[in-house]
Amino acid sequence: MKKVKVRLRPIVTKVNLPTVLKTAILPGDSMESLFIATQVGEIFYIRNGDIRTFLNIGKKIIKLGSSEPGVSGRGYDERGLLGLAFHPAFTYNGLFYLHYTASGTQGPGALSDHFKPEPCHSETLNLKWTKRETHYDHIDTVEEWILQSNGQPQKRRTLLNLRRPFFNHNGVNSLNFSPETGKLVLTTGDGGAGYDPFNLSQDDMEIAGKIIEIDVNKNHVINNPPVVTRFNELPAPIQEMLTVIAKGVRNIPGISFQIYYNQYIKYIGNVGQDLVESIFSFVHYKPIPVTRLVQAYLSHIEPDQTGFINFGWRGWEGAFPTSFISGCTENPSLNEKTIAYYDEAVKTSACRLQPLTYYFHKDPRPDKFGGTSLTGVQAYMGSGIPDLTGSIVFTDLAGDVPSQPTVKGVLAYTKVRTDGKQNDFRMIETDYHFGNQTPYYVSLGTNLDQTILYLGVYGSMKVTDLNQGTVFEIVQ
């Protein structure tokens with residue numbers, strides 16, 4: 001793979017933490033505008049260099065980074081405005097969709113203690129999420145909005161209200177329309193806390209840890225859907241809107257589609273636990289309607305999962321059995337890796353999807369880096385950076401690069417091999433100097449035809465440290 005160098009061209013500075021970067025054509029317009037959604041609830045758009053406010057739902061969002069249970073007063077948070085998607089016919093119908101953490105929904109969390117599996121203590125491997133109505137962290141909502149003819153956005157309906165066990169792993173850039181099916185794709189996480197304490201990601205009835213398609217063209221008449229955690233708790237009209245593409249999800253920074261010889265390749269990044277960050281790709285899949293999943297559950301039978309995508313979590317972390325790392329008392333320079341869920345790794349070993357590529361949290365190789373957390377995956381089809389054309393570009397929050405004395409985010413790329421086997425990856429060099437600021441790479445986006453790449457950078461890990469964001473265009 002070639003050595004690639006790019007420049008970062010600032011588009012807008014001093015914004016709050018950007019969670020979504022994508023373009024859309026406004027009704028009555030003929031050119032694309034870049035939309036920037038921030039974690040605190042703002043949505044801006046940039047047209048001809050002018051920055052304008054599209055919508056601000058800050059008052060609808062939970063208080064972020066507070067000293068509530070599960071957040072520890074650090075200012076770090078994984079809740080807020082996480083998803084923004086525009087209907088494929090947005091230019092004509094004005095419809096768009098939001099995924100955010102609702103204000104006033106703070107709960108105590110599902111567990112009072114920090115969780116870590118202990119293979120010698122079976123009870124830690126079989127925890128159940130009980131008393132869900134009171135033992136939860138927050139409620140996420142997915143809504144449909146419309147840009148009215150007077151230019152004012154207005155909420156039309158709520159599609160889902162989801163109760164979440166912990167503050168983290170709610171997804172980011174979590175709403176995207178599939179150009180293949182025309183449906184809204186919701187990519188969320190396993191509920192958080194690390195190691196998926198309740199194994200929600202492999203349970204067919206749990207909404208957590210899945211990739212879900214929503215047929216927004218089906219109009220249900222339920223004004224305020226119930227707050228749920230499981231598919232069988234949903235009213236029938238909402239169940240009929242949903243199909244499930246995949247399970248075994250830990251946490252996902254969106255989905256990207258790449259058309260190739262009249263087929264769509266889907267790219268998914270699954271954020272890792274302690275070992276690796278993984279990127280998966282697939283073309284063919286067989287989604288399962290939620291009504292069929294519920295029917296199988298009520299009939300106590302296993303649904304046919306031929307062609308159904310399983311990323312393997314929590315038994316597998318990318319290409320490796322999920323492990324936790326302990327220091328060696330005899331040799332502090334070494335670590336011991338212990339398989340956390342051996343039986344589950346065996347059970348899912350044959351049915352899981354193998355990753356396209358992955359990168360390690362510690363990597364001594366001179367041309368690689370140690371990752372922290374995958375924050376974006378996008379297909380690039382442009383010609384402006386010829387060496388990246390057809391590649392899959394991804395970002396890590398803060399990489400450990402041997403040749404680099406300071407911590408900063410990492411840009412890298414990989415390609416799909418013609419033989420379908422796993423491929424390696426390579427870092428993309430950038431020339432931008434961030435000064436004294438620690439640049440965390442928090443989001444990655446493209447325009448409509450994937451010919452332009454946008455990078456969201458933030459100068460702090462804390463969402464409560466305001467106005468420290470810059471959005472760049474990645475150029476040759």
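User: Which residue in β8 stands opposite phenylalanine 96?
Analyst: Tryptophan 145 does. Strands here are DSSP runs of E with at least two residues, helices are runs of H or I with at least four, and both are numbered from the N terminus.

User: Before we go on, what kind of model is this?
Analyst: It is a predicted model: local features need pLDDT of at least 70, side-chain atom pairs count only at pLDDT 80 or more, and totals for chains, interfaces and linings use all residues. Residues are numbered from 1 along each chain as its sequence is written, and side-chain values use heavy atoms, with hydrogens and water left out.

User: Back to the strands. How many bridges join β7 and β8?
Analyst: Seven, with β7 and β8 (residues 138-147) in antiparallel pairing. Two strands count as paired if DSSP finds at least two bridges between them.

User: And how many join β6 to β7?
Analyst: Five bridges join β6 (residues 81-86) to β7, and these strands also run antiparallel. There, leucine 81 stands opposite tyrosine 100 in β7.

User: Why is β7 largely enclosed?
Analyst: Because seven of the seven residues of β7 (residues 95-101) are buried. Buried means under 20% relative accessible area, exposed means over 50%, and partly exposed lies in between, using a 1.4 Å probe and protein chains only.

User: Which way do its side chains point?
Analyst: Leu95, Tyr97, His99 and Thr101 point one way from β7, and Phe96, Leu98 and Tyr100 point the other way. In a regular strand, side chains alternate between the two faces of the sheet.

User: New topic: the open sheet of four strands. What's the order?
Analyst: The order is β15-β16-β17-β24, with antiparallel pairing. β15 (255-260) and β24 (357-360) are the edge strands, each pairing on one side only. On average, neighbouring strands of this sheet are turned by 15 degrees against each other, direction ignored. For that angle, axes are lines fitted to C-alpha atoms (for helices, over the stretch in contact), and angles run from 0 to 180 degrees between N-to-C directions.

User: What joins β16 to β17?
Analyst: Five bridges join β16 (residues 263-270) to β17 (residues 276-282). Lysine 266 stands opposite phenylalanine 282 in β17.

User: How many salt bridges are there?
Analyst: A search of the whole structure finds 19. A salt bridge is a side-chain nitrogen of Lys or Arg within 4 Å of a carboxyl oxygen of Asp or Glu.

User: Which residue meets arginine 9 in a salt bridge?
Analyst: Glutamate 473, at 2.4 Å, N to O. Arginine 9 is in strand β1 (residues 4-15) and glutamate 473 in strand β31 (residues 469-475), 464 residues apart. Arginine 9 is partly exposed at 39% relative accessibility, while glutamate 473 is buried at 16%.

User: What about aspartate 29? Where's its partner?
Analyst: Aspartate 29 forms a salt bridge with arginine 47 at 2.5 Å, N to O. The partner, arginine 47, is in strand β4 (residues 42-47), whereas aspartate 29 is in the loop between β2 (18-24) and β3 (33-38). Both aspartate 29 and arginine 47 are buried.

User: Which residues form a network of salt bridges?
Analyst: Arg132, Asp203, Glu206 and Arg230.

User: Is glutamine 239 buried or exposed?
Analyst: Buried, at 10% relative accessibility. Glutamine 239 is in helix α2 (residues 236-239). A polar atom of its side chain lies 3.5 Å from the backbone oxygen of phenylalanine 231.

User: Last one: where is aspartate 400?
Analyst: In the loop between β26 (392-399) and β27 (408-414). Aspartate 400 is exposed, with a relative accessible area of 53%. Aspartate 400 touches Phe369 and Gly370, leaving out residues up to four places away in sequence. Contact means heavy atoms within 4.5 Å. The C-alpha atoms of aspartate 400 and threonine 372 are 8.0 Å apart, and these residues are 28 residues apart along the chain.

Notes
A polar contact is a pair of N or O atoms within 3.5 Å; within protein, one must be able to donate a hydrogen and the other to accept it, and residues adjacent in sequence count only if both atoms are side-chain atoms.
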